[in-house]
Structure formats: structure tokens, C-alpha cells
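Please consult the sequence and the structure shown below.

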Amino acid sequence: MNSAESIYQINHTPQNFNKQPMTDAFYKITLDYINKNSKKSPSTNAFYARKYADLKSKERMPNSFGELEVREENYFDLHALFPELFKIPFPQPKEPYFTFIDLFSGIGGFHQAMHQLNGKCLLSSEIDSFAIDTYLDNYGIDSNKDITKIKDEDFPKHDVLCAGFPCQTFSKAGKQMGFTDQTKGTLFFEIVRILKNEKIRPDYIILENVRNLLSHDNKNTWRVIKDTLDEVGYNCKEVLMSPHQLGVPQLRERVYILGVRKEIYDGKLEFNVPHVKKESLDIYKAGIIDEHPDPKYKISEHEEKVLNCWDEFYKGIKETVIGFPIWFSEFRATYDTDDLPEWKADICHKNRALYKNNKKFIDSWAEKWNDLNGLTPTERKFEWQAGESINFAA
């Protein structure tokens, strides 16, 4: 029996009829259909199948008992109900300006930038399963490829190579043992493998890594990378950038290695990094935070209560630097701590001293919040993760 002929039959009697068998039938047949027609991850398909089954079951409560048939024709409108399931948000351009490959692609940060410049992705490589699912959902491209297992002849000819490569320790860096020995065994070498291949090597490269790459191992790591790129024929320049320089309110410096084949340009590379004033940064204009979020994303009243409770506590005590976790149960405790592990006894004593130093306020605060009754054991603790010092004014 093929997919178009699939029928799930359910027998009901007045004594045992309930909604669940019908829902399950719709779920099974819908999931089968979605799996055959969608490139989404199995978990996404299952979510939509269950959601659709619930909707159809509400519509199809039978008027009479007996045999209920659920046919595939009943879900012809899946596309209309859930268009986002079958639509790729960022499809490949029909008339691209250039082509690129996306190595160590993650969820597609480089792809998003190249897409906005009308670039077409010819190959993507990633090993993290969750990132692979997200990449497929957004771009319709299967990035489930281990770069170390891709043969040279399987890399397509492309214009730009993008790679946010992992930075592993160059164990032989600085020992002057030659190009191959210095890079062999690292994932950076996989990029070099492509750049050395005259049949596929790109005109441009854009690499990204953590800022510390420039100073790692007394700068030996960066020296090896720069010398290697120079040796395989690329004129490169490193650029430090952070999102806040582009108007996005996030401080996250990264090093970008921008390169062009020497045959194209072998002069001095210049890049002007824009600078935006701190006062002009806006989380709403940057699109990071929705000014009108869906109410379903709001925290519960109970969660808000817990946050307000401990916020009031912190603002009311004399100390601005705590340095240890707060355990409400220890404030008025008097039991002997000699049998406790040293670390735990230390926290207990600090909590008791904090209570003694703020007794009047804490007693009033605890009375207002009903001695934290109704809060879980975890919520009756205030974890301090700011270390031993904090700029309270900030």
C-alpha cells in the first residue's frame, strides 16, 4: 500500500469511544506524510504532526459510532496550516553574484552574511547534530559532512571560502619544523588543503576565530597561520571586530582573517572598522529584543515572585559584595557544623554572620515573603556567581 492509499481504521463502540484513538491515527498518518515531504528534523516533524492531529481531531468528532476511516486526503491542507514547515526561510539565489563554501558552518552565521550579498552556497560542513538540523531548516542544505572525510575531488570550485575553524594547540609551533609538520593534525590544515588545490582554490577567504588566537602560545599560533596562508599564495590581514562596532549592543570581540589570492592583489590590505557610540546602541533597533513579545514567552507569576523576592533581599542588605551562596535555611540555624565538610560548614557560618549583620532587615523581609514558604528548595537559595568583587554602580 503506497502513501496515497494509506488508511487507518479505528473501531469504536459507545462504551469505549474516546478522542485519543482518532488523534493517534491522524498523528501516525500525518507524521508519515511529513517525513516524506519535509526536510526538517524528526523532532520538528513530530511536533507539527501532533499539532495537526489535535486540530483535525477537534473537527472530526464522529456523529455516530462505528468504523472511522482516516485517509491521507484528510490532510491535504497541511501546507496551508503550517507553511513554515515546508518553506525554507533563506533559499539559494536564482542569479547569484558569487559562490562560496561554508566550513565548520555551525548554524549558518557566515551563510547568513553571504546570503545577504546574494551568494550561493555550494558546500557546507558541520558535525554537531543540532547545528546541522538548524542549518537545514534555515537554508535547505544538508551540512552533515565531516570535513576530514571529504575527498579533494569532492570540493566544488568556488569564489569565497568561509570558515569559523576551531583553534587547536599547534604543538610544534615555533620549532621551525616546516610548513607541513606545523599544521598537520589540526583542522586548520583542512582549510589549507583546499587553498593548495589549484583546481578549486578560491579567490577570497574569510576566516573567524576567538580574539585570543592572536596571542596564543606567545603568538606562535598566529605566526604559523599567517606564514602558512602566505606560503600557499594568499595576501591576508587580521581584523579585530565586535558587534558593538556595528551598532549591535554586544561586546564580543573576534578576529577575522581576510585574504585574497596574490595573483589578484598583492598590495597592502586596508579595512576600516566602523565605530558606533555607546549611546546609540539600541537592543530594539538591532532586532535582538522584540518590543512586543508573544505573552507565551513571559515568565510565570511564580518565577516573577522569586526574582522580586531575592532582588529585594539583595537591595536591602548592607553588603554589595556577597561572595558566597545564600542559604535561607541557615539564617537562624544554631546546630553544630563540626560534622559537615569544611566547605559546607564555611558557607553555613558565612550565612549566619550575614543574618546577624542584617537581622532587622532580614526578619522584616522574611515576614513579608512568608518565610519563603511555597518556594522550592532551590528557590530558597540565592546563588552568587559574581566572584569576590563587583562594580555595583554598573
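The second largest pocket has a volume of about 300 Å³. Among the residues lining this pocket are Met-241, Arg-252, Arg-254, Tyr-256 and Ile-288. In the largest pocket, the space amounts to about 770 Å³. A pocket is an open set of points on a 1 Å grid over the protein atoms alone where a 1.4 Å probe fits, with protein on both sides within 12 Å along at least five of seven lines; lining residues have an atom within 4 Å of a point. Volume is the space filled by probe spheres set on the points, which are joined across faces, edges and corners.

Of the 28 residues lining the largest pocket, Gly-109, Phe-110, Ala-113, Glu-208 and Tyr-256 lie nearest its centre. Helix α5 gives the most to this lining, with 6 residues.

Asn-35 belongs to helix α1 (residues 19-37); helices are DSSP runs (H or I, at least four residues) numbered from the N terminus. The C-alpha atoms of Asn-35 and Asn-45 are separated by 6.7 Å.

Residues are numbered from 1 along each chain as its sequence is written. In this predicted model local features need pLDDT of at least 70 and side-chain atom pairs pLDDT 80 or more, while totals for chains, interfaces and linings use all residues, and side-chain values use heavy atoms, without hydrogens and water.

Key
Helix = DSSP H or I, 4+ residues; strand = E, 2+ residues; numbered from the N terminus.
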